[in-house]
Amino acid sequence: MMALIGAGLFLTFFSRDFPDGLQDDWVRENLGLVARYVIAMMLGGAVMGYLLASMFGRAGLGGWIWAVTGGLLASLVTGACGSLIGLLPDLLADGWQAQDLVSVLFGFLVLPIAAAEKVGSFLIWFLAIAVTHLLSRYERARSGYHK
């Protein structure tokens, strides 16, 4: 779920800058770069979802607080992790440069920027976190894991 959320946040952020989507000239010329970053954000989301999976699926109000906190943390770090993964081909070709750090740190802002202008995207994010929490809770109950 966090992989889908990571890719969705990037696409929401991306759609803000390119309202014509795939019809935009820059996007058509750089479709490979766009695809690389969508995949990178998915991988970053998958890594963060794996690392923070224990924050989801707990019972009660405290469980919901843990899930929203985990979702927020995972979403913020997914952006940075995805930015780093997306930059890897450039880093391997050119080596590490100071501007690469700025790009990676800017990844932390993908969620806030994606949600800032589109309240609907924040609601979709929250719904995705709620579904993740409920699926995790179901899996915990099914497997007998109660920690």
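Me: How exposed is E139, buried, partly exposed or exposed?

Reply: Burial is judged by relative accessible area, where buried means under 20%, exposed means over 50%, and partly exposed lies in between (1.4 Å probe, protein chains only). Here E139 has a relative accessible area of 33% and is partly exposed. Please keep in mind that this is a predicted model, in which local features need pLDDT of at least 70 and side-chain atom pairs count only at pLDDT 80 or more, while totals for chains, interfaces and linings use all residues. Residues are numbered from 1 along each chain as its sequence is written, and side-chain values use heavy atoms, with hydrogens and water left out.

Me: Which side chain meets that of E139 in a salt bridge?

Reply: Side chains of opposite charge can pair when their charged atoms come close. The term salt bridge is used for a side-chain nitrogen of Lys or Arg within 4 Å of a carboxyl oxygen of Asp or Glu. In this case the partner of E139 is R142, at 2.7 Å from N to O. R142 and E139 are 3 residues apart in helix α7 (residues 119-143), so about one helical turn separates them; helices are DSSP runs (H or I, at least four residues), numbered from the N terminus. R142, at 55% relative accessibility, counts as exposed.

Me: How many salt bridges does the structure hold?

Reply: The structure holds 2 salt bridges. One of them joins the side chains of D90 and R36, at 3.5 Å from N to O. D90 lies in helix α4 (residues 60-94) and R36 in helix α3 (residues 31-51), so this pair ties together parts that are 54 residues apart in sequence. D90 is partly exposed at 32%, and R36 is likewise partly exposed, at 23%.

Me: Which residues does H133 touch, leaving aside those up to four places away in sequence?

Reply: A contact means heavy atoms within 4.5 Å. By that criterion H133, which is found in helix α7, touches F56, G57, R58, G63, W64 and A67. H133 counts as buried, at 0% relative accessibility.

Me: Which residues touch the most other members of the largest nonpolar core?

Reply: A nonpolar core is a set of buried Ala, Val, Leu, Ile, Met, Phe, Trp, Tyr and Cys residues joined through side-chain atoms within 4.5 Å. The largest one has 29 residues, of which I5, L9, F10, W125 and I129 touch the most other members. Helix α1 (2-17), together with α3, α4, α6 (110-117) and α7, each supply at least two residues of this core, and α1 gives the most, with 7 residues.
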